[in-house]
Amino acid sequence: MRAKTFAAMLANSRASRTMEVADLLAGMYMCEWDRLSRYWEEQDRERIEEFLRKICRISPQRWNSWIEWYDSERREDDRPGWRRLRKRKKEAPDEPLQPSAALVSVLQQAEQLAPFRDTLDGRSLPILTSECVLLCIARNFGTEISLRLAETGLDAARLERDVMFPRRAPLV
């Protein structure tokens, strides 16, 4: 969810009405790098991070403005007094971002691969992990992102093994 939220924020910053695969990859990079970095050689990780920032179009200025916004929101929530008790003005709800066709395809593939499921209202729902989604992005052969990920030295075999045969259930 954090990666998806970050992806939506990135798409909104571009004034896009759709969330792209690169947006979700950026969200996964920003929110899950500690988990995902193990699929690259340690000596290559700095180069890989530079590549991911470039492919995800995260400029230092954009990153800095997000950090400043997040910090100001956090400080406002921590302020004591009447401000917290006042009702916020109702704002017109923004139209939700729609995933691009390419992102829908990646997520559908991830749903089919997901080894864990949860039940809600009698329906079986896949539990998607960042590793599962990264594998599907990398497997989306012929796309620019999958080609560029392959060039980075992504250990796709290890990633696939970890997705298909996880050692533990995903953290919820």
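At what angle do helix α2 and helix α3 pack, and how far apart are their axes?

A: Happy to! Please keep in mind that this is a predicted model.

Let's begin with the pair you asked about. Helix α2 covers residues 21-36 and helix α3 covers residues 45-55; the two pack at an angle of about 140 degrees, and their axes lie 9 Å apart. An angle over 145 degrees would count as roughly antiparallel, so at about 140 degrees α2 is oblique to α3. The crossing in which α2 passes α3 is left-handed.

Now for the side of each helix that takes part. From α2 come Ala22, Leu25, Tyr29 and Trp33, and they meet Arg45, Ile48, Glu49, Leu52, Arg53 and Ile55 of α3. Sorted by type, the residues of this contact are 7 nonpolar and 3 charged, with no polar ones.

Ala3 sits in helix α1, which spans residues 2-13. Setting aside the residues within four places of it in sequence, Ala3 touches Leu24, Gly27, Met28 and Cys31, and α2 is the helix of residues 21-36. Ala3 and Met28 are 25 residues apart along the chain, yet 4.9 Å separates their C-alpha atoms. Ala3 has a relative accessibility of 10%, and because buried means under 20%, Ala3 counts as buried.

Met19 belongs to strand β1, residues 18-19. With a relative accessible area of 7%, Met19 is buried too. Beyond its neighbours within four places in sequence, Met19 is in contact with Lys4, Ala7, Ala8 and Ala11, and also with Gln98, Pro99, Ser100 and Leu103. Gln98 is 79 residues away from Met19 along the chain, while their C-alpha atoms are 6.1 Å apart.

Finally, here is the wider setting. The protein chain contains 8 helices and 4 strands, and from the N terminus they follow the order α-β-α-α-α-β-α-β-β-α-α-α. Of its 172 residues, 33% count as buried. Among contacts between residues at least 6 apart in sequence, 64% join residues at least 24 apart; the Ala3 and Met28 pair, 25 residues apart, gives you one place to look. The accessible surface of the chain comes to about 12100 Å², with 51% of it belonging to carbon and sulfur atoms.

Technical notes
Residues numbered from 1 in each chain as written. Predicted model: local features only at pLDDT ≥ 70, side-chain atom pairs only at ≥ 80, totals over all residues. Heavy atoms only, no water. Buried < 20%, exposed > 50% of the residue type's maximum accessible area, 1.4 Å probe, protein only. Contact = heavy atoms within 4.5 Å. Areas by Shrake-Rupley, 256 points an atom, 1.4 Å probe, with all protein chains shown as cover. Axes fitted to C-alpha atoms, helices over the stretch in contact; angles between N-to-C directions. Parallel < 35°, antiparallel > 145°, perpendicular 65-115°, else oblique. Left-handed = near helix turned anticlockwise from the far one by under 90°. Nonpolar A, V, L, I, M, F, W, Y, C, P; charged D, E, K, R; others polar.
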